[in-house]
Amino acid sequence: MPKSPMKVLLIVLALALSALMIDSVFTLMIRPQALLDMQLATEAGQPAPRSWAVLLKDTEQEICIILFVWAVGIIGMKAWENRFQSSLLDRNYIPREEDEVITPVRAAAYYQSLQTLQDVSEREAVLPQMLITSLNHFNGTKDISSAASVAHQVSELKADHMDAELSMARYIAWAIPSIGFIGTVRGIGEAMSKAGEALEGNITGVTEALGVAFNSTLVALFLSIILMLCMHALQMGQDRLIQRCNDYCNRYLLSHLGA
């Protein structure tokens, strides 16, 4: 699990990579195919077809897809971090006997052991931080209830931190439909500017402009639905992780603390 500066760098690289990849697909595949489909329809005296290329060809759709791929990359990184932290629940951080009472002296020994973890990402994860903070507090105060309170405070802070790290993905989930509506406004504006041609019997320009309007909204809303589903799945996983960390701490540490 990378540190914060590395996370920022990965997020920026994910945006650049998604923009490069999607723009290449649009330039080499989607727009040439859309142009061909529209040309064939024009030669046949038919309106533009509702093919996938025509549906996706406009700038607003490209921007929406770039943002969607970027957000999915961010969510995927967070899901990987969540999986890493979940794997720590299988670690035996408190190697005690079943009926052993963890005294302040034993708490100090466990604390030193956790502090010497070589992997910084592991040491700063939710579960180790809960254990480290609780053990250190109990060693200093000898107060079991205070140690339990501190452990739960750490879990709440970590939960808030993980939730805050999804702010960019939430913004993208809001921005995608907004960009789709911008395409709608642009398309309707173009259609209105070509109303004179329609009155003269040429409705091709109006239909193409309205296609831009409706296609951009359709694509944006569809991507937004998928993105929100991914975000909710990730948030459920994060909430489950925090709950499991609290259960681990209660079962293997807090319930065995004693003078």
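Analyst: In this predicted model, the count comes to six salt bridges, taking a Lys or Arg side-chain nitrogen within 4 Å of an Asp or Glu carboxyl oxygen as the rule. Side chains of opposite charge can pair when their charged atoms come close.

E60 is buried, with a relative accessible area of 7%, because buried means under 20%. R186 is partly exposed, at 31% relative accessibility.

Another bridge is formed by the side chains of E165 and K78, at 3.1 Å from N to O. This pair also links distant parts of the chain: K78 is in helix α3, while E165 is in the loop between α7 (144-164) and α8, and the two are 87 residues apart. Both E165 and K78 are buried.

A further bridge is made by R91 and E122, where the N to O distance is 2.8 Å. R91 is in the loop between α3 and α4 (104-115), and E122 is in helix α5 (residues 120-123); the pair links distant parts of the chain, 31 residues apart. R91 is partly exposed, with a relative accessible area of 36%, whereas E122 is buried at 10%.

Technical notes
Residues numbered from 1 in each chain as written. Predicted model: local features only at pLDDT ≥ 70, side-chain atom pairs only at ≥ 80, totals over all residues. Heavy atoms only, no water. Buried < 20%, exposed > 50% of the residue type's maximum accessible area, 1.4 Å probe, protein only. Helix = DSSP H or I, 4+ residues; strand = E, 2+ residues; numbered from the N terminus.
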